[in-house]
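Hello,

Here is the structure I promised to pass on. Please open it alongside this note; my findings follow.

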Amino acid sequence: MFNLNAIIRPNVQKMKAYSSARDEFKGAASVFLDANENNLGSLAGENYNRYPDPHQKKLKERIAELKGVQPDQIFLGNGSDEAIDLLFRMVCRPGQDAMLHLPPTYGMYEVSANLNDVALEAVQLTSDFQIPIEELLAQVKPNTKIIFICTPNNPTGNAIETSSIETILRNFNGLVVLDEAYVDFGQTPSWTTRLAEFPNLVVLQTFSKAWGMAGLRLGLAFASAELISVLDKIKPPYNINEATQELALEALTRTEALKDMVEEIVQERTLLMQTLPTLKTVEKVFPSDANFILVKVKDANGLYKYLLGEGIVVRNRSSLPGCEGCLRISVGTLEENQKLLQSIAEFE
Ligand SMILES: Cc1ncc(COP(=O)(O)O)c(C=O)c1O
């Protein structure tokens, strides 16, 4: 049985959250002399002299409506990278505990584990980039506190089978973190609809991809209210800045435009998927539920350098085990994709 209190680090259980000036005062006032702000104004704009809402109340209410969860099931981070780091700090004792991830996958799980002195266990995905479930369960040790699963997976692009994730959620008594950064581009519904079923489930999403807000840094974690309250306790108090909160609230009124943008990206992805295999240097195009495509080519390093010379940057993933000979290509605009295809054809 999963027991959240049993895996939270003792120092985290004992500590108290920072109490901000705005936490200590509630009610109406017109003169704020409690937070050492600059009351004369801001050189950056109207209200930026004031600290932002540390609880991001309005933003969470709006996101809760959109996602069909409760506001207290949402944590907001300075990018989902902040949520990844805080999850380690919440449950993994440095030098003692371990995490498990499934390469080839997103690199920050490993970086964050290393930073937090958390041992890294890795189970390689199968050749079709699914989870070898028996192998994974056998690899779990008493000190394994978190399993990271990226779905749709970066850099491979595919969604991970629902039944594998269910098995892990049912058989692992630590946190199962499902990173859904690319969920908007695929067919599989979000796991946020199943939070009530699995108390050990944490779902990560981000405004950096489909919403087109990578520059603003806004990531989300969804989990039980109990777990979210611990993340809130250990986060830096003002981790989401005022500009990001305001702009995200505005963006959240444009859900129709979000749908249109995602549709266009998926259409462009389909076009790329159809055309890439017709090029001689392309050996394999992997299926994608994301806004990028993993492509196996005859000479990955050569093509990567050639494209750079043409002013096109793609991601060379050919040195990752499981991705030998592969480039990861983000879906661009129609013009960018045409330029890319033309340049690959010229390389041949
Ligand atoms: C799988 C995955 N998770 C998380 C992130 C980072 O998201 P954020 O910009 O919210 O930190 C990325 C960025 O590429 C990603 O690929």
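Predicted model: local features only at pLDDT ≥ 70, side-chain atom pairs only at ≥ 80, totals over all residues.

Which residues of H4 are buried? H4 runs over residues 57-67, and its buried residues are Leu59, Lys60, Ile63 and Ala64. They lie on the same side of H4, because they cover an arc of only 135 degrees around the axis. Turn to the other side of H4 and you find Lys57, Lys58 and Glu65 exposed. Just after H4 comes glycine 68, with a positive phi of about 70 degrees.

Now the whole protein. Its secondary structure comes to 13 helices and 11 strands. The C-alpha trace spans about 70 × 50 × 35 Å along the principal axes.

Of the 348 residues, 49% are buried. Take the contacts between residues at least 6 apart in sequence: 66% of these join residues at least 24 apart.

Last, the surface and the charges. The accessible surface comes to about 16800 Å², and carbon and sulfur atoms hold 52% of that. The protein has 33 positive and 44 negative charges. Their mean positions are 4 Å apart.

Best wishes

Notes
Residues numbered from 1 in each chain as written. Heavy atoms only, no water. Buried < 20%, exposed > 50% of the residue type's maximum accessible area, 1.4 Å probe, protein only. Helix = DSSP H or I, 4+ residues; strand = E, 2+ residues; numbered from the N terminus. Arc of directions from axis to C-beta. Contact = heavy atoms within 4.5 Å. Areas by Shrake-Rupley, 256 points an atom, 1.4 Å probe, with all protein chains shown as cover. Lys, Arg positive; Asp, Glu negative; His and termini not counted. Charge placed at Lys NZ, Arg CZ, Asp CG, Glu CD.
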